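Please open the structure in your viewer and keep the selection tool at hand. Each stop below tells you what to pick and what is there.

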Amino acid sequence: MTRLDTAYEAAVDGAEIARGLFRTELDVETKNSKMDHVTRADTETQQRVIETIRDAYPNATIVGEEEDELKSVPEDGNAWVIDPIDGTTNFVRGIQLWTTTVAAVRDHETVAAVTVAPALEDTFVADSTGVTLNDEPISVSTRTDLDRFTVAPILRYGPEGDRKFGTLLRELILQFGDVRRFGCAQATLGMVASGALDAAVSAQPDPNPWDTIAGIHMVERAGGSVTDLAGRPWEPGCEGVIASNGNAHDEVVENVRRAVE
C-alpha cells in the first residue's frame, strides 16, 4: 500500500467516525479561547485515523492537533500530519463545512494529501502529479484581475489578534473583488486548488501544520503558488500563508503585507 493509499484510507475512515457524530448531542469543551472547541468527535476521529495509519506503518510518526501527538513536523524522515476535524466550530453548530485531513510528509516535503468533507460528499486527493476532487482532475482559476478575485481569509489569530485580523478583513474587502470566510482552512485551500476561490490568505505567525500542509500541497499541485508573508516559498513554521492561483501572486502578497504592517 502506498502512502497515498494509506492517507486516503485513514482520512475516509476518520471522516466516517466524525460523520456519525455530526449533529448529535455532544459535550463541547474549549481549549485556548472560547471559540476554540473540542469534542469527543475530534478525539475519536483522530484515534481512528491513527489506527488506520499504524495498521500500515506500525512505527509511524504522527503530527496531530489533539492529545499528545507531535505538534511540529520533523526535519527528517517520514511523518503523517492529521487534522481529525478542521472546522470544529462549524461541526458543533451543525454547519456542513468541516473536514478530516491526512498528509504524508517525507523529509519536510509533502508527498500525498487527502481532505474529506463528508457532510458535503467531497474528497480532495493530491499526490506529486496533480489533484482530484471526487476523482475529477482540478486546477486553480485563471483570473488575473484583482477586482475579480474572490479571496478568503483563513486561520483567525485568536482574541489577542482580533484587531489585526479585522484590519486584514477591511483591506481584503477594499482591494479585491469579493471576500468569503468559511471557518475551515483545509476546505478553503481545497477551493483555491479547484478554482472556486482565487486566493486564501493569513498573516498568522507560525500557522499549525495540521491546518495548512495538506491544503497547501493541493494548491501547488493544482498549479497555484503558495508563499509566506514575505513572498518566500512556504514551508512549515514560516510566518503567514498566501495561497493563490499564481497569476497575480506578487500583488496579492503586497496587499496582504501592507494590510498587516
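The tour goes from sheet to core, then on to charged pairs, a loop and the cysteines.

**Before you start**

This is a predicted model, in which local features need pLDDT of at least 70 and side-chain atom pairs count only at pLDDT 80 or more, while totals for chains, interfaces and linings use all residues. Residues are numbered from 1 along each chain as its sequence is written, and side-chain values use heavy atoms, with hydrogens and water left out.

Helices (H or I, at least four residues) and strands (E, at least two) are DSSP runs, numbered from the N terminus. Two strands pair if DSSP finds at least two bridges between them.

**Stop 1: the open sheet**

Select β10 to β14. These 5 strands form an open sheet with mixed pairing, in the order β11-β10-β12-β14-β13. Its edges are β11 (178-179) and β13 (225-227), each pairing on one side only.

Now pick β10 (residues 150-153) and β12 (residues 199-202). They pair in the parallel sense, over 3 bridges. Click Ala152: its bridge partner in β12 is Ala200.

Angles here run from 0 to 180 degrees between N-to-C directions, and axes are lines fitted to C-alpha atoms, for helices over the stretch in contact.

Helix α7 (residues 249-260) also packs on this sheet, touching β12, β13 and β14. Its direction makes about 145° with that of β14.

**Stop 2**

Select β7 (122-126). How many of its 5 residues are buried? The count is 4, so β7 is mostly covered. Buried means under 20% relative accessible area, exposed over 50%, and partly exposed in between (1.4 Å probe, protein chains only).

Show β6 (residues 109-117) next. β6 and β7 pair in the antiparallel sense over 5 bridges. Ala113 has Ala126 as its bridge partner in β7. The two strands form a hairpin with 4 residues between them, and Glu121 in the turn has a positive phi of about 60°.

The bridge partner of Val125 in β8 is Thr132. Another hairpin, through 4 residues, joins β7 to β8.

**Stop 3: the nonpolar cores**

A nonpolar core is a set of buried Ala, Val, Leu, Ile, Met, Phe, Trp, Tyr and Cys residues joined through side-chain atoms within 4.5 Å. The largest has 36 residues. Select Val81, Leu189, Ile213, Met218, Val219, Val226 and Trp234, the residues with the most contacts inside it. Elements that each supply at least two residues of this core include β5 (99-106), α5 (185-194), α6 (209-221) and β14 (241-244).

Another core, of 18 residues, lies apart from it; among its members are Ala199, Val252, Val253 and Val260.

Center on Met218. Among the residues it touches are Ala113, Phe124, Val125, Val131 and Ala193, not counting residues up to four places away in sequence.

**Stop 4: salt bridges**

The whole structure has 10 salt bridges, each a side-chain nitrogen of Lys or Arg within 4 Å of a carboxyl oxygen of Asp or Glu.

- Glu16 and Arg19 meet at 3.4 Å, N to O. Both lie in helix α1 (residues 3-21), 3 residues apart, about one turn of the helix.
- Arg180 and Asp178 meet at 2.9 Å, N to O.
- Arg232 and Asp228 meet at 3.1 Å, N to O. Arg232 is exposed at 52% relative accessibility, whereas Asp228 is buried at 3%.

Salt bridges that share partners also join Asp13, Arg48 and Glu51 into one network.

**Stop 5: Glu69**

Select Glu69, in the loop between β3 (62-64) and β4 (78-86). Is Glu69 buried or exposed? At 18% relative accessibility, Glu69 counts as buried. It touches Gln46, Ile50, Ile62, Val63 and Gly64, not counting residues up to four places away in sequence.

**Stop 6: the cysteines**

A disulfide is a pair of cysteine sulfur atoms within 2.5 Å; the count comes to 0. Select Cys184: the nearest cysteine sulfur, that of Cys238, is 20 Å away. Cys184 is buried at 1% relative accessibility, and Cys238 is buried at 12%.

Note on methods:
Contact = heavy atoms within 4.5 Å.
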